[in-house]
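Dear colleague,

Here is the structure I said I would pass on. My notes on it follow below.

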Amino acid sequence: MASTPRSPQSIRLGAIDIGTNSIRLVVAEVEPDGRYRVLEEEREMTRLGHGLFARGRLQHEPMERSLAALAKMKTIAKGFEVDELRAVATSAVREATNGKTFVQEIRRRCGLRVEVITGQEEAQLALRSALHHFDLAGRSVAIVDIGGGSMEVTLTAGAVVDEVFTLPLGAVRLTE
């Protein structure tokens, strides 16, 4: 994993999304004008939320798989010499009675600070992504983000948020 040459004014950012079903890393190079280019994407299906909705707790095996994936992703980000690495956790960690303990274990074993975000914050991030990829000016739309543990629906008029709904309708939750 040789580091890609970088342009002098750019910064490199890494983002890790710790979801109920998978963990994803994106490394991007961002130019001063806001344009960016994705340098690396990695995804591992760790099924962190397996058994959570019946027991209320994250289970040992999915946590171990997730910790291994996070250590690998941190190493990849380091290889790309990221200037900043942000890790967020969503529904499974947010709802688990041992979610806070898991976040502490990630910090201890992987050296990553993890921010547990709300459903509202998940919806805002999905909206920002949609606005980056699609011209929504003057249009009323619904942005739907279906995860493993929850679904966020954002109703917008262009870039203005009208309403946000977070629903317990994720793929893992419904399957179990």
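F102 touches L48, L58, M63, S66, L67 and V93, leaving aside residues up to four places away in sequence; contact here means heavy atoms within 4.5 Å. This is a predicted model, in which local features need pLDDT of at least 70 and side-chain atom pairs count only at pLDDT 80 or more, while totals for chains, interfaces and linings use all residues. Residues are numbered from 1 along each chain as its sequence is written, and side-chain values use heavy atoms, with hydrogens and water left out.

Five strands form an open sheet of mixed pairing, in the order β3-β2-β1-β4-β5. Strands are DSSP E runs of at least two residues, helices H or I runs of at least four, both numbered from the N terminus; two strands pair if DSSP finds at least two bridges between them. The edge strands are β3 (36-44) and β5 (114-116). β2 (residues 23-30) pairs with β3 in the antiparallel sense over 8 bridges, and E29 has R37 of β3 as its bridge partner.

T156 lies in strand β7 (residues 151-157). It counts as buried because its relative accessibility is 2%, the cut-off being under 20% relative accessible area (1.4 Å probe, protein chains only).

Regards

How values were computed:
Buried < 20%, exposed > 50% of the residue type's maximum accessible area, 1.4 Å probe, protein only.
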